[in-house]
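Me: I have a structure open and want to go through it bit by bit. Can I ask you things as they come up?

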Amino acid sequence: MPQFDLVIFGASSFVGQILCQYLVDEYGVDGEVKWAAAGRSRSKLEVVRQRLGSAAAELPLLIADASDEAGLLALCEQTRVVISTVGPYALYGEPLVKACVSSGTDYCDLTGEVHWIRRMITRYQGQAQKSGARIVHSCGFDSIPSDMGVWHLQQQAQHLFHQPASTVRLRIKTLRGGISGGTMASMVNVIKAASKSQALRKDLANPYLICPANHHYSARQHNVTIPEFDPISKQWAGAFVMAGINTRVVHRSNALQDNAYGEHFKYDESLLLGKGIKGYARAAGLAATLGAFFAGAALPPSRYLMEHYLLPKPGEGPGPEARRKGCFDFRFIGTTDSGGVVETRVTGDRDPGYGATAKMLAEAGLSLAFDVPRQKGGGFWTTATVFDQRFIERLTEKAGLRFDIL
Ligand SMILES: NC(=O)c1ccc[n+]([C@@H]2O[C@H](COP(=O)([O-])OP(=O)(O)OC[C@H]3O[C@@H](n4cnc5c(N)ncnc54)[C@H](OP(=O)(O)O)[C@@H]3O)[C@@H](O)[C@H]2O)c1
């Protein structure tokens with residue numbers, strides 16, 4: 001029997017430290033939840049433990065490098081669930097997924113690198129089904145509010161109209177938060193790889209990239225990339241940079257539920273940026289900024305300048321005040337084939353990518369350890385297909401999220 005419920009691999013990361021503090025504050029160290037902090041550097045983990053305060057003085061520390069397969073296997077054997085914040089995942093993540101799959105250990109992470117998720121599913125799905133390891137990627141701001149938000153909306157659509165919403169639009173009303181060096185490193189790494197590979201660019205443009213190979217989806221999906229007038233809110237909408245991750249996860253959730261949202265399900269996400277000329281100017285400004293960022297990160301000289309002088313470094317991110325003041329407000333509008341309309345809202349307190357993400361990731365790990373029965377077999381799940389209403393309750397009671405029907 002493993003001695004820990006959770007091991008936090010990457011406890012010294014920017015988001016890992018916030019997550020550890022959340023666990024200490026909410027659950028202690030050796031009480032109802034038994035957990036350990038892990039990483040490659042004992043001295044860094046000792047600093048993290050010290051910062052967590054006297055309540056964490058007895059927090060166990062486990063040492064393993066992300067490339068050390070034997071060390072990772074030994075780590076997996078000591079716990080029921082591993083939470084990993086060691087990214088970019090496409091660079092460092094595979095040996096840990098492999099170790100979890102071979103030892104039957106549950107796993108969750110924060111990756112938004114969909115091409116890497118595709119690779120992991122292709123390589124390890126069969127083995128995970130055999131060993132019973134439940135692997136759940138994207139358990140942070142990408143993609144829990146989107147994935148669980150659509151799942152929640154579909155429950156209401158079934159309840160009200162006895163059919164799914166075959167079209168769901170996510171309009172983001174409020175988004176207040178910053179970005180860390182680790183997230184930037186992951187984004188730049190994807191853009192760099194895509195700039196060198198046409199096949200990867202094609203994969204990244206495929207809305208069904210992480211669906212099982214036998215899916216029959218062919219509905220054309222709408223992508224908001226340039227300013228667009230949203231007739232429902234009567235505001236200008238612009239690109240939401242995480243849509244390329246969230247939409248892929250939501251389509252996988254549909255496929256893993258035997259098309260519960262419909263065979264021709266359509267889903268898009270965009271940011272609401274205001275009415276009139278000011279709203280248009282903001283949407284146009286956002287498109288120009290994103291265009292400049294993607295072009296800058298794709299070209300080696302400008303990428304060098306960005307990485308060395310402009311972007312936050314690994315380990316850096318928004319400070320405590322910015323994290324406390326952050327929040328998000330997601331509005332979902334679902335329409336059924338017979339014209340029924342459902343509107344729901346998902347909100348969260350704290351800075352979405354860090355303050356809120358750390359709580360969501362911790363609760364995802366705890367839900368895997370304590371709520372999801374073993375009968376839910378091994379394999380690569382999404383949050384909406386491995387969790388259920390109990391997870392929404394956890395997010396609401398503990399993680400500052402709310403799921404409302406409007
Ligand atoms: N989905 C979301 O909503 C969301 C939100 C936030 C972050 N993220 C993702 O989460 C990840 C972490 O972000 P962050 O800003 O917290 O990152 P970070 O501060 O840069 O931390 C990276 C972590 O990886 C560890 N690491 C690097 N190489 C390692 C190796 N060979 N062996 C073991 N550990 C190694 C580092 O350990 P050392 O301290 O020893 O260097 C550090 O703990 C990124 O991939 C980011 O994109 C996703």
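Me: How many bridges join β8 to strand β9, and which way do the two run?
Reply: Three bridges join them, and the strands run antiparallel. Strand β9 covers residues 235-239. This is a predicted model, by the way.

Me: Which residue stands opposite Ala 237?
Reply: Glu 228 does, with Ala 237 being in β9.

Me: What sheet do β8 and β9 belong to?
Reply: An open sheet of seven strands with mixed pairing, in the order β8-β9-β10-β7-β11-β12-β14. Its edge strands are β8 (228-230) and β14 (401-405), and each of them pairs on one side only. Ignoring direction, neighbouring strands here are turned by 30 degrees against each other on average.

Me: What is Cys 327 in contact with, leaving aside neighbours within four places in sequence?
Reply: Thr 174, Leu 175 and Arg 176 on one stretch of numbering, then Gly 348, Asp 349, Arg 350, Asp 351 and Pro 352.

Me: And how far is Cys 327 from Val 150?
Reply: Their C-alpha atoms are separated by 19 Å, and the two residues are 177 apart along the chain.

Me: Other topic. What is the order of the sheet with parallel pairing?
Reply: β3-β2-β1-β4-β5-β6-β13, an open sheet of seven strands. Strands β3 (61-63) and β13 (379-381) stand at the edges.

Me: Why is one side of β3 left without a neighbour in the sheet?
Reply: Because β3, like β13, has a single partner strand. The twist in this sheet averages 20 degrees from one strand to the next.

Me: How many bridges join β1 to β4?
Reply: Five, between residues 4-9 of β1 and residues 79-84 of β4, and the two run parallel. As one example of facing residues, Ile 8 stands opposite Ile 83 in β4.

Me: Which strands does helix α5 lie across?
Reply: β1, β4, β5 (106-109), β6 (134-136) and β13. The helix, residues 94-103, runs at about 155 degrees to β5. Helix α6 (residues 114-131) lies across β5 and β13, at about 135 degrees to β13.

Me: What are the distances from ligand oxygen atoms to side-chain N or O atoms in Ser 12, Arg 40 and Ser 186?
Reply: For Ser 12 the distance is 2.6 Å, for Arg 40 it is 2.7 Å, and for Ser 186 it is 2.8 Å. On its own the ligand has 940 Å² of accessible area, and the protein covers 91% of that.

Me: What about Ser 138 and its phi?
Reply: Ser 138 has a positive phi of about 60 degrees, although it is not a glycine. Its place is in the loop between β6 and α7. Most residues other than glycine have a negative phi, and most peptide bonds are trans.

Definitions and conventions:
Residues are numbered from 1 along each chain as its sequence is written. This is a predicted model: local features need pLDDT of at least 70, side-chain atom pairs count only at pLDDT 80 or more; totals for chains, interfaces and linings use all residues. Side-chain values use heavy atoms; hydrogens and water are left out. Two strands pair if DSSP finds at least two bridges between them. Helices (H or I, at least four residues) and strands (E, at least two) are DSSP runs, numbered from the N terminus. Axes are lines fitted to C-alpha atoms, for helices over the stretch in contact, and angles run from 0 to 180 degrees between N-to-C directions. Contact means heavy atoms within 4.5 Å. A polar contact is a pair of N or O atoms within 3.5 Å; within protein, one must be able to donate a hydrogen and the other to accept it, and residues adjacent in sequence count only if both atoms are side-chain atoms. Accessible areas come from the Shrake-Rupley method with a 1.4 Å probe; for residues, only the protein chains shown count as cover.
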